[in-house]
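Please keep the sequence and the model in view while reading.

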Amino acid sequence: MAQKTAPDSTRRSERSRRAIYDAALALVGEVGYAKLTIEAIAARAGVGKQTIYRWWPSKGAVLLDAFLDLAQQAAEAASEGHDTVQTEIPDSGDLEADLKFVMRATVDEFNDPKYDAPYRALAAEGLLNPELGQEFVEKLLEPQLQLFVDRVRRAQEAGQVQPDVDPRIALELWSSPLAQRWLMRSGALTHDYVDKLVEYALHGIAKRPA
């Protein structure tokens, strides 16, 4: 008689974790963050709520990990056909074109309900929960901003940007207005809008001498 193999607890845990991520992302889009609960996530995922509390201290922590996982999946999908996940902003030698390319992709992501609802929830919760807010910045926001810092620095090395420019301050000239418009819903998020942000940041708005 064949001996029965023990269930693979690692595989079972991964299935549960994936179901929890999917449930959290779906529910925050359906009911909003205020009405999102651990109990609802557990019910949708088909797990006990103690399973969730064993891995995460709050619904915000669940949502943050779910969103980080979603971002990782998107990066891997975008890198299909390549050996590694893209970890740099493209460097075609044309800084303006490269920044516009990435900013347009960012707009598309902000306009996608799949990303918009959890991103807004995490941004709002981060203001009320400093610990989660710091984790949100360190794990999600800061790595993205660092890509811009690195690209601007490479442009400096190529003589395309003034050597005394602080790359971290420079990136805020195009990234911060986009974030503010998205967060406050103060205007449409379009490719033309972010193209202008990049152009104004790189070339200024003062009238040039004739």
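**The chain**

The model is a predicted one. Its chain holds 9 helices and 0 strands, and from the N terminus on the order of elements is therefore α-α-α-α-α-α-α-α-α by the DSSP assignment. Of the 210 residues in the chain, 34% are buried. When contacts between residues at least 6 apart in sequence are considered, 61% of them join residues at least 24 apart.

**Helix α6**

Helix α6 covers residues 113-128, a run of 16 residues, and spans 23 Å from its first C-alpha to its last, which is close to the 22 Å expected at 1.5 Å a residue. At the start of α6, the backbone nitrogen of Lys 114 has a side-chain oxygen of Asp 112 within 2.9 Å. The buried residues of α6 are Tyr 115, Asp 116, Pro 118, Tyr 119, Arg 120, Ala 121, Leu 122, Glu 125 and Gly 126. In an α-helix there are 3.6 residues a turn, so residues three or four places apart point the same way.

Which residues does Asp 116 touch, once those up to four places away in sequence are set aside? They are Glu 109, Phe 110, Trp 182 and Arg 185, and with Trp 182 there is also a polar contact of 2.7 Å between the two side chains. Asp 116 counts as buried because its relative accessibility is 16%, and the cut-off for buried is under 20%.

Arg 120, which also lies in helix α6, has a relative accessibility of 15% and so counts as buried. Leaving aside neighbours within four places in sequence, Arg 120 is in contact with Trp 182, Leu 183 and Arg 185.

Pro 113, by contrast, is placed in helix α6 but is exposed, because its relative accessible area is 63% and the cut-off for exposed is over 50%.

**A residue of helix α5**

Val 107 is found in helix α5 and is buried, with a relative accessibility of 1%. Apart from neighbours within four places in sequence, the residues in contact with Val 107 are Leu 178, Leu 189, Thr 190, His 191 and Val 194.

The table sets out pairs that are separated in sequence, with their C-alpha to C-alpha distances.

| Pair | Separation in sequence | C-alpha to C-alpha distance |
|---|---|---|
| Pro 113 and Gly 29 | 84 residues | 7.5 Å |
| Val 107 and Tyr 193 | 86 residues | 9.3 Å |
| Arg 120 and Val 28 | 92 residues | 9.9 Å |

**The second largest pocket**

How much space lies in the second largest pocket? The volume is about 270 Å³. Its lining is made up of 14 residues, and those nearest the centre of the pocket are Leu 95, Val 161, Val 165, Ala 201 and Leu 202. Helices α5 (95-110), α8 (167-184) and α9 (191-203) each contribute at least two residues to this lining. By residue class, the lining of the second largest pocket comprises 9 nonpolar, 3 polar and 2 charged residues.

Note on methods. Residues are numbered from 1 along each chain as its sequence is written. This is a predicted model: local features need pLDDT of at least 70, side-chain atom pairs count only at pLDDT 80 or more; totals for chains, interfaces and linings use all residues. Side-chain values use heavy atoms; hydrogens and water are left out. On a 1 Å grid over the protein atoms alone, a cavity is a set of points where a 1.4 Å probe fits but cannot get out, and a pocket is an open set with protein on both sides within 12 Å along at least five of seven lines; lining residues have an atom within 4 Å of a point. Grid points are joined across faces, edges and corners, and a volume is the space filled by probe spheres set on the points. Helices (H or I, at least four residues) and strands (E, at least two) are DSSP runs, numbered from the N terminus. Ala, Val, Leu, Ile, Met, Phe, Trp, Tyr, Cys and Pro count as nonpolar, Asp, Glu, Lys and Arg as charged, and the others, Gly among them, as polar. The expected span of a helix is 1.5 Å times one less than its number of residues. Buried means under 20% relative accessible area, exposed over 50%, partly exposed in between (1.4 Å probe, protein chains only). A polar contact is a pair of N or O atoms within 3.5 Å; within protein, one must be able to donate a hydrogen and the other to accept it, and residues adjacent in sequence count only if both atoms are side-chain atoms. Contact means heavy atoms within 4.5 Å.
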